[in-house]
Amino acid sequence: MDYKKYDIFSPMIFVLLVLVYLIFSEIAFHYHLHKLIGVDQFTIVVIVLGIAFYILGIVLSNYFLKNKEISVNTEKIDKIFSERLVLSVVIIGILLQIVNLIYLGGIPLFSGYLKARAATRIWLLSYLIFLPSINILIAKYDNKKYYLLFILGLLLFVSTGYRTTAMAIVISVLITLYYTRNLPWKYLILSIIAIFILLLAVGYIAVISIEWQTWSSTPIELLFYRAGYTLQVLDRAVFLQGSTHGQLLYNTLMGFFKSSDPRVIVGSTTLGYAHSTTSTIFGPALLDFGLYAMLLQMAIIGFIINLIYKVQANAKNIFIALYAIVMAHLIIWIETGPTDLVVFLYYLISIIILIYVVNLKKVGNE
């Protein structure tokens, strides 16, 4: 059986993974992990509506591309993304992360105090340039030596203790390889298992390394608990719609420069005390502007992600890397929500590149 016929990493994988996330949450509620009690039925309705508008965005994107031929200016791509340049950027990203760890004076993965200070401006710059450059390098240039740079970069970002960056690197590179290499079924399955184990390990080590943390769980319990806990935060957000009046979006776009964390605002609003908290992909827009804003957000995400997907399917090249990056973050957003400036920058960069090198020509009616 050829799994490529089913295109596992198409935009519809988001819908499947949201359903998986809900199942994980239900397991946490069923066993009352750390006193989790479940969510209101209306919250499930809101999630279903969000998924429906995401699919609507995909449908609208397909309609926009109907009867259009996608062509790419490969000369511009080759000129901008030469192998030497992309390789140099990857190395710079790795060196910056090494500098960041030296500056911190330790490994944040093993210290809650260091982790609280790990997301420096050096870290942001390092992640901003490493993730796209390593994916472009692997997508555009088939050289097995570049996998060593991927592993080295991954280990450095794992050492910061942030699951999201480590997972984004691994998932995006897997998607890039999926579309550029003929991966056998067994390698794809092994890769997914490895990602799952990495998710468990980094999350568990980071939690037990927090000096002031008192309760304990097994790695599997922690996985289910995080899903249930985040869904309960969303449940509170559903009944506090519009209460942050745009603060989350503002602090997402400007907060890094002001040293503020929008997730702390999520925690303060939904829990009543300052705590960095995630609220799923649906939560931030609900808290900022209400249900209609969340539905509009989901439609826009569906439209953009499908547009990039269609371009990479036709043009290949660096567009595979761009799609891998935004899809990896969309998968991660299922839990964390769109509260990271760097991800917005990736979307902006992808759109700029699409405008610069992609031509859509009308080919007539069918």
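Student: How many cavities of 30 Å³ or more does the count come to in this structure?

Tutor: In this predicted model, the count comes to 2 cavities of 30 Å³ or more. The largest cavity has a volume of about 60 Å³, and about 40 Å³ of space lies in the second largest cavity.

Student: What makes a space such as the one lined by Arg163, Leu199 and Arg226, among others, a cavity and not a pocket?

Tutor: A space is called a cavity because a 1.4 Å probe fits there but cannot get out, whereas a pocket is open. The lining of the largest cavity, to which H9 and H10 each give two or more residues, divides into 6 nonpolar, 1 polar and 2 charged residues.

Student: What is the lining of the second largest cavity by class?

Tutor: That lining has 8 nonpolar, 1 polar and no charged residues; H1 gives the most to it, with 3 residues, and Val18, Thr280 and Phe282 are among the residues that line this cavity.

Student: Why is tryptophan 185 called partly exposed?

Tutor: Tryptophan 185, whose place is in helix H9, has 34% relative accessibility; buried means under 20% and exposed over 50%, so tryptophan 185 counts as partly exposed.

Student: How do you know that Trp185 can belong to the nonpolar patch?

Tutor: Patch residues need over 30% relative accessible area, and tryptophan 185 has 34%. Trp185 forms the patch with residues including Tyr187, Phe196 and Ile220, with about 740 Å² of accessible area together, and H9 gives the most to the patch, with 7 residues.

Methods:
Residues numbered from 1 in each chain as written. Predicted model: local features only at pLDDT ≥ 70, side-chain atom pairs only at ≥ 80, totals over all residues. Heavy atoms only, no water. Patch = residues over 30% accessible without salt bridge, like charges linked within 9 Å, V, L, I, M, F, W, Y side chains within 5 Å. Areas by Shrake-Rupley, 256 points an atom, 1.4 Å probe, with all protein chains shown as cover. Salt bridge = Lys/Arg side-chain N within 4 Å of Asp/Glu carboxyl O. Helix = DSSP H or I, 4+ residues; strand = E, 2+ residues; numbered from the N terminus. Buried < 20%, exposed > 50% of the residue type's maximum accessible area, 1.4 Å probe, protein only. 1 Å grid on protein atoms, 1.4 Å probe; cavity = no way out; pocket = protein on both sides within 12 Å on 5 of 7 lines; lining within 4 Å. Points joined across faces, edges and corners; volume = space filled by probe spheres on them. Nonpolar A, V, L, I, M, F, W, Y, C, P; charged D, E, K, R; others polar.
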